[in-house]
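Good morning. I have one structure to show today, and I will keep to two places in it. Please have a look at it first.

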Amino acid sequence: MTFQSPSSDPAYLDYNATAPARPEALKAAVEAMSAVGNASSTHRSGRDAADRVDLARRQVAELLNCSHGEIVFTSGATEANNLALRAAFEIGGRLVTSTVEHPAVLETAKAITFGSPGSLMLLRVDEDGLVDLDALRASLTTGEVAVVSLMAANNETGVITELEPIVEASHRAGALVHTDATQLIGRLPIDLAETDVDLLSLSAHKFGGPQGVGALFVRRGIALPYRPLLFGGGQERGWRAGTHNVAGIAGAGAAAEAARRALATEIPRIEQLRDALEESLVGQVGDCRINGALSMRLPGVTSITFHGAPADAVLAAMPDVAASEGSACSSGAPSPSHVLLAMGRSREEADSTLRFSLGYATTTLDIERAAASAARAVRQVRAALTAPM
Ligand code: PMP
């Protein structure tokens, strides 16, 4: 079997939407799908399938430095977030999260607190996208909080949340901590032996695994009411019923292992490419602003506002580059980015913002092409909008 090189035409710079599959993930998924076996069956074929799931569980656990018994496989981070928040909110108390979370957290939080006035608190961020820690501390002293849920890295800006002070303050107040780490896992190291979060969501397709597979880390020993979303055959220790997606899970495990091995070399390489892209664009087009705390970002993400150049028009003028306007998850709905608005940007600025996200297979050529193409597109759009009628 041959695998197509992910380095690409168009230049693919949308890793935060989804990353190209790593060859190791493709191989593991195809091998698993080529073999018959339900991981719950007790015969040999079933045990082989269960072994693949078990291996993947260990591979994902190794990436996080936790125990394999703390991993619950799900259909992705959306499900992991739903599962975590619903179970934690069941404890009783308030749910604290932030205005810049992914809809998989924000909409879940709104849905489960609906009808319980005062039970949802949304923390604001500053103009750099950083959560207000004082507001968090204040929220923790004013009332009983069941769970604090803050994303490890933002999908639109790449801004990273420093989890340790959040964990410390929350635990002191008796609250559990959940983090949606979908954009961080496989891009930066995390050590769950050191970072004492209780619940963590991840998604395989952001680090080169298949779409439709993710996991929830549930720290051993935490008092979490048993509240599955799906009832049925009791798979995943009752947390997630349904026949295991063996091929998807095997691919997720292989991608986790490949990402873990490559992390130390990928991080500086990707960061250099991102910095080169920013430098080139700022130098070529001017009048633009890079969004998010510059020193607290994922290595492969840049969110740039090109003043006076609506992002939809710019993207249409650069078909040889796959980048994103706002976030892919909200595409289809032409509303401005809630993340940029929460950071104090105007609607016009939010609508003139592009996100480029790089990853393990991004090449220098991808960056050169993207920089040239985006600069040309921005100039074209600005010229068209300022031309006399
Ligand atoms: N959280 C964040 C921060 C994300 O970026 C995404 C995917 N865009 C999700 C959750 C949802 O993940 P999934 O596609 O696995 O449901």
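Predicted model: local features only at pLDDT ≥ 70, side-chain atom pairs only at ≥ 80, totals over all residues.

The helices are α1, residues 23-34, and α7, residues 246-285. Their axes come within 7 Å and cross at roughly 155°. How are α1 and α7 oriented to each other, roughly parallel or roughly antiparallel? An angle over 145 degrees counts as roughly antiparallel, and therefore α1 and α7 are roughly antiparallel to each other. The crossing of the two is right-handed.

Now the residues that meet there. On the α1 side they are Glu24, Ala25, Ala28, Ala29, Ala32 and Met33. On the α7 side they are Val246, Ala247, Ala250, Gly251, Ala254, Ala255 and Ala258. By type, the contact of α1 with α7 has eleven nonpolar residues, one polar and one charged.

You will find Glu236 in the loop between β8, residues 214-218, and α7. Is Glu236 buried or exposed? The relative accessible area of Glu236 is 5%. Buried means under 20%, so Glu236 is buried.

What does the side chain of Glu236 reach at 2.7 Å? The backbone nitrogen of Phe73. The side chain of Glu236 also makes a polar contact with the side chain of His244, at 2.6 Å. Leaving out residues up to four places away in sequence, Glu236 touches Arg57, Ile71, Val72, Phe73 and His244.

Key. Residues numbered from 1 in each chain as written. Heavy atoms only, no water. Axes fitted to C-alpha atoms, helices over the stretch in contact; angles between N-to-C directions. Helix = DSSP H or I, 4+ residues; strand = E, 2+ residues; numbered from the N terminus. Parallel < 35°, antiparallel > 145°, perpendicular 65-115°, else oblique. Left-handed = near helix turned anticlockwise from the far one by under 90°. Contact = heavy atoms within 4.5 Å. Nonpolar A, V, L, I, M, F, W, Y, C, P; charged D, E, K, R; others polar. Buried < 20%, exposed > 50% of the residue type's maximum accessible area, 1.4 Å probe, protein only. Polar contact = N/O pair within 3.5 Å; in protein donor to acceptor, adjacent residues only side chain to side chain.
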